[in-house]
Amino acid sequence: SLQTLFRNIGIAITELKNLQNLHGKVCIGGLGKVENAVDAREANLSQKRFSELELDWGDEFNVFRMGTLEKEVLNELMPHNGTLEKLRIMSYRGIEFPNWVGDPSFVCLTQLTLRGCKNSTYLPTLGHLQSLEKLCIESMNGLQRLDSEFLRPINSHGIGFPSLQVLEFRDMQSWEIWSTNGGDKDVSFPCLCEISIINCPK
């Protein structure tokens with residue numbers, strides 16, 4: 001009946017597959033030490049009904065690791081899309097995010113944090129997330145431009161970020177441009193109450 005788990009680097013990620021009833025809040029750290037995507041796949045997160053999930057690559061990082069490996073590992077760690085309410089991705093070193101990040105099938109997701117993803121040069125399309133209420137983007141030093149792909153709704157008649165209330169950007173050292181390509185401001189962020197842009201010098 002285990003519901004809450006903090007995995008440290010002393011526990012192999014493959015051991016999570018044996019925790020069949022794991023749900024609730026789970027934090028998995030040390031992902032920068034996972035050597036292949038097969039190990040991440042064996043954790044079988046998509047079959048576990050988490051309400052909160054934190055995926056943390058940690059501060060230690062092998063500069064010789066390929067960004068494609070990081071994306072493959074994150075792709076295999078896709079959680080169950082019907083129960084997840086809060087997601088945090090920390091210190092991810094991939095250049096791109098896999099397609100499941102921002103997928104509209106995550107119908108219960110209300111909070112999303114992307115922090116310290118220093119190699120990522122763009123954000124995934126997140127405007128599809130119909131229930132998202134709070135979005136925090138922090139320390140993405142590779143991001144220079146934010147364009148309409150970030151907020152693009154599911155179709156031309158949809159609304160980007162229909163439920164978002166709080167939007168935070170923090171410590172974005174290279175971010176220079178936020179462009180919606182002249183799109184109608186009324187088709188995005190209809191519920192936005194608070195926006196913070198902190199330490200984004202450019």
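Let me begin with Arg-93, which is buried because its relative accessible area is 13%, where buried means under 20% relative accessible area, exposed over 50% and partly exposed in between, with a 1.4 Å probe and protein chains only. Please keep in mind that this is a predicted model, in which local features need pLDDT of at least 70 and side-chain atom pairs count only at pLDDT 80 or more, while totals for chains, interfaces and linings use all residues. Residues are numbered from 1 along each chain as its sequence is written, and side-chain values use heavy atoms, with hydrogens and water left out.

Arg-93 sits in the loop that runs between β4 (86–90) and β5 (111–115), the strands being DSSP runs of E, at least two residues, numbered from the N terminus. A polar atom of the Arg-93 side chain lies 2.6 Å from the backbone oxygen of Ser-91.

Now to the cysteines. Cys-27 counts as buried because its relative accessibility is 9%, and Cys-136 counts as buried because its value is 6%. How many disulfides are there, if a disulfide is a pair of cysteine sulfur atoms within 2.5 Å? The count comes to zero.

A cavity here is a set of points on a 1 Å grid over the protein atoms alone where a 1.4 Å probe fits but cannot get out, and lining residues have an atom within 4 Å of a point. Among the residues that line the largest cavity are Leu-87, Trp-100, Gly-102 and Phe-106.

Notes: A disulfide is a pair of cysteine sulfur atoms within 2.5 Å. On a 1 Å grid over the protein atoms alone, a cavity is a set of points where a 1.4 Å probe fits but cannot get out, and a pocket is an open set with protein on both sides within 12 Å along at least five of seven lines; lining residues have an atom within 4 Å of a point. Helices (H or I, at least four residues) and strands (E, at least two) are DSSP runs, numbered from the N terminus. A polar contact is a pair of N or O atoms within 3.5 Å; within protein, one must be able to donate a hydrogen and the other to accept it, and residues adjacent in sequence count only if both atoms are side-chain atoms.
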